[in-house]
Amino acid sequence: MAVAGVDVGSVAAKAVIWDARAGRMLGRAVLPTGWNAREAGESVLQAACEQAGLSRSSLTRVVGTGYGRISLPFADRVVTEISCHARGACQLFPATGVVLDIGGQDSKVIAVEQGAVQDFVMNDKCAAGTGRFLQVLSGILDMDLPALGRAAERGRPVPISSMCAVFAETEIIGLLAQGTAPEDIAAGVFLSIARRMRGLAARIPLRGECTFTGGLAISPAFSRLLAEELGVAVNVPPDPQIVGALGAALVAAG
């Protein structure tokens with residue numbers, strides 16, 4: 001009995017095919033969302049089915065999540081990404097008490113108990129603490145995320161005072177013009193995002209294990225920095241981008 005979870009975020013679309021009877025993942029896929037959330041959802045689900053060696057028609061249930069969930073006409077049900085990240089994180093790390101998620105357009109801290117959401121706080125008003133901020137930095141410095149992480153580990157963080165991603169971009173360009181080393185800027189931006197996440201996490205009691213999800217969790221350098229700022233160990237899934245889609249698939253499995 002194969003089911004699917006599809007998580008269409010602002011930057012990436014993710015899909016997981018789950019064997020509801022055996023309780024295991026059969027396939028997964030991650031693709032850029034682009035400008036059309038519906039097409040991204042269709043494409044990523046098809047890619048995950050192909051990896052699983054299944055046809056779309058063999059799926060018994062599909063659950064959609066993410067900001068683009070309302071654009072998925074094939075979804076039998078839609079669920080908020082808050083619930084799906086909690087469910088997926090607890091599947092991977094059963095002792096999870098707090099989920100830390102940094103996505104393309106927002107960041108979230110979710111208190112969970114046995115996979116159920118107890119409370120959450122979210123920053124969706126400013127891109128300065130999200131993956132979008134790193135996209136801006138990546139474009140300015142002409143580095144992808146792994147390269148930014150390596151540069152940040154070498155650098156000595158310079159203060160990034162702007163609380164807005166737009167003004168921070170101007171500040172970064174100004175720092176480069178003054179001769180500031182790119183690795184020092186990368187270190188400063190990483191530290192700025194980690195401290196914003198720490199501020200958000202301060203509003204939720206850190207009980208149980210902390211699990212870090214979302215695209216930024218791909219960076220080992222940032223994951224280590226976040227753990228240092230929080231003062232606790234942080235679980236990082238092998239594929240942190242698909243945790244929301246996994247949670248949606250688990251909801252589909254019932």
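## The sheet built from β6 to β10

Let's start with an open sheet of five strands, ordered β8-β7-β6-β9-β10 and with mixed pairing. Its edges are β8 (116–123) and β10 (234–235), and since each has a single partner strand, one side of each is left without a neighbour in the sheet. This is a predicted model, in which local features need pLDDT of at least 70 and side-chain atom pairs count only at pLDDT 80 or more, while totals for chains, interfaces and linings use all residues. Residues are numbered from 1 along each chain as its sequence is written, and side-chain values use heavy atoms, with hydrogens and water left out.

Strand β7 (residues 107–113) pairs with β8 in the antiparallel sense, over seven bridges. Along this pairing, S107 stands opposite N123 in β8, and A111 stands opposite D119 in β8. The hairpin of β7 and β8 has two residues between the strands, and Q114 takes a positive phi near 50° there.

## A helix on that sheet

Which strands does α6 touch as it packs on the sheet? They are β6 (96–102), β7 and β8, and the direction of α6 makes about 40° with that of β7. Axes here are lines fitted to C-alpha atoms, for helices over the stretch in contact, and angles run from 0 to 180 degrees between N-to-C directions.

## The α3 and α6 pair

Two packed helices are described by the angle between their axes and the distance between the axes. For α3 and α6, the angle is about 175° and the axes are 11 Å apart. That makes α3 roughly antiparallel to α6; the label applies to angles over 145 degrees, with under 35 counting as roughly parallel, 65 to 115 as roughly perpendicular and the rest as oblique. On the α3 side of the meeting are F133, L134, L137 and L141, and on the α6 side are P182, I185, A186, V189, F190, I193 and R196.

Within α3, the buried residues are G131, F133, L134, V136, L137 and L141. Buried means under 20% relative accessible area, exposed over 50%, and partly exposed in between (1.4 Å probe, protein chains only). Just after α3, D142 takes a positive phi of about 55°.

At the start of α4 (residues 145–154), a side-chain oxygen of D144 reaches to within 2.9 Å of the backbone nitrogen of A147. A147 is itself buried, as are L148, G149, A151 and A152 in this helix. What covers these buried residues of α4 includes α3 (131–141), α6 (182–201) and α7.

Helix α7 (residues 220–230) contains S223. Is S223 buried or exposed? With a relative accessible area of 10%, S223 is buried. Leaving aside neighbours within four places in sequence, S223 is in contact (heavy atoms within 4.5 Å) with F212, A217 and V236.

## The sheet built from β1 to β5

A further open sheet of five strands has the order β3-β2-β1-β4-β5, again with mixed pairing. The edge strands, β3 (24–32) and β5 (77–78), each pair on one side only. Strands β1 (residues 2–8) and β2 (residues 12–19) run antiparallel and are joined by seven bridges; the bridge partner of A4 in β2 is I17.

On to β4, where five of the seven residues are buried. β4 pairs with β1 in the parallel sense over six bridges, and V6 stands opposite G64 in β4. β4 also pairs with β5 in the parallel sense, over two bridges, and the bridge partner of G64 in β5 is V78. Helix α8 (residues 243–253) lies across β1, β2, β3, β4 (59–65) and β5, running at about 140° to β1.

Key
Helices (H or I, at least four residues) and strands (E, at least two) are DSSP runs, numbered from the N terminus. A polar contact is a pair of N or O atoms within 3.5 Å; within protein, one must be able to donate a hydrogen and the other to accept it, and residues adjacent in sequence count only if both atoms are side-chain atoms. Two strands pair if DSSP finds at least two bridges between them.
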